[in-house]
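Please read these notes alongside the model.

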Amino acid sequence: MTSPAFLAVDWGTTNLRAWVIDDAGAVVQAQDFPLGVSKLAPGEAARKFIDTVRPALGAQTLPAILCGMVGSNLGWEEVPYFDCPADLAALAGGLRRVDIDGPPVRIVPGLRCRRPDGCLDVMRGEEVQVLGWAAGAPERRRGSRLICHPGTHAKWVRLQDGRIEHFVTAMTGELFELLRKYSVLQVREAAEDDDAFDEGLRVAGDGGGLAAQLFTARSRVVGGEMAPEKVRSYLSGLLIGAEAASLPALAGASLEEPVALIGDPALCAHYRKAIERTGRTVSVHDGDAAAISGLAALYRMEPAR
């Protein structure tokens with residue numbers, strides 16, 4: 001009979017996901033919390049973890065491993081970035097134990113890299129999902145892989161023999177939120193419209209001239225060509241379509257290289273449609289399962305628990 005072994009936490013900018021993992025690596029309990037680091041005052045993360053997260057999962061006596069923006073200058077304690085290339089062993093060697101009473105709490109370092117275009121890039125949290133996905137099957141740790149992790153700041157990651165070599169970030173999700181809330185586009189809340197999303201993908205084309213194409217989300221409405229309730233899906237299609245068309249090349253991918261999508265199933269479905277439109281083969285993998293796999297691997301690799 002197995003027993004709870006540790007608490008795994010993916011603590012992002014807007015949300016916190018936590019899982020109690022048993023000795024066999026299975027999830028015993030899981031819960032989401034609206035406790036993203038952007039919603040917390042300085043120094044509040046430790047108190048929320050002790051007073052809210054641990055009690056909710058009955059995990060007061062369990063060691064914990066945390067990844068994501070909790071290790072940034074907005075979170076609990078800033079943990080320095082590791083340089084790429086990096087694998088799970090490198091991350092395990094950089095786990096930072098925070099100063100807290102009770103069972104140990106460790107934070108995973110993020111990664112930084114030099115992109116193929118020479119620019120610097122960084123990530124926190126996605127590296128655990130990518131490497132956790134790679135840990136799930138031996139063939140994923142052989143050869144070269146192109147990974148896309150959709151989200152507020154989408155990541156396109158080059159995985160080579162189980163190591164993250166480099167990656168490129170696209171602020172697609174954040175741009176969508178800013179444009180729909182604060183721009184002249186004045187996007188209405190509405191049900192998803194597949195036809196409008198597909199039209200956005202078509203207009204996005206090869207991803208060039210995005211600033212000009214975005215304005216069509218307004219001109220088509222005021223010009224009488226598009227109903228206002230279709231704009232949200234159309235705008236989503238424009239942004240995701242432009243990313244899918246242009247980011248693989250920036251990440252150093254060949255023209256028809258397949259893509260592994262890791263993340264939220266609903267968002268991955270949109271990305272799958274956009275990427276397949278460019279002629280690439282796509283596989284989809286659950287982000288929570290990948291995060292759990294990565295955090296469990298780090299727990300097993302860290303000697304001083």
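Which strands does helix H8 (residues 265-277) lie across?

1. H8 lies across E10, E11, E13 and E14 and runs at about 160 degrees to E13. Axes are lines fitted to C-alpha atoms, for helices over the stretch in contact, and angles run from 0 to 180 degrees between N-to-C directions. Helices (H or I, at least four residues) and strands (E, at least two) are DSSP runs, numbered from the N terminus.

2. This is a predicted model: local features need pLDDT of at least 70, side-chain atom pairs count only at pLDDT 80 or more, and totals for chains, interfaces and linings use all residues. Residues are numbered from 1 along each chain as its sequence is written, and side-chain values use heavy atoms, leaving out hydrogens and water.

3. Five strands make an open sheet, ordered E12-E11-E10-E13-E14, with mixed pairing (strands pair if DSSP finds at least two bridges between them). Strands E12 (163-170) and E14 (282-286) are the edges. From one strand to the next, the twist averages 25 degrees. Helix H3 (residues 126-135) packs on this sheet, touching E10, E11, E12, E13 and E14 (contact: heavy atoms within 4.5 Å).

4. E10 (residues 144-149) and E13 (residues 259-263) run parallel, joined by two bridges. Ile147 has Ala260 in E13 as its bridge partner.

5. Helix H6 (residues 210-222) has a kink of about 30 degrees, centred on Thr216. The bend is the angle between axes fitted to the seven residues ending at a residue and the seven starting there.
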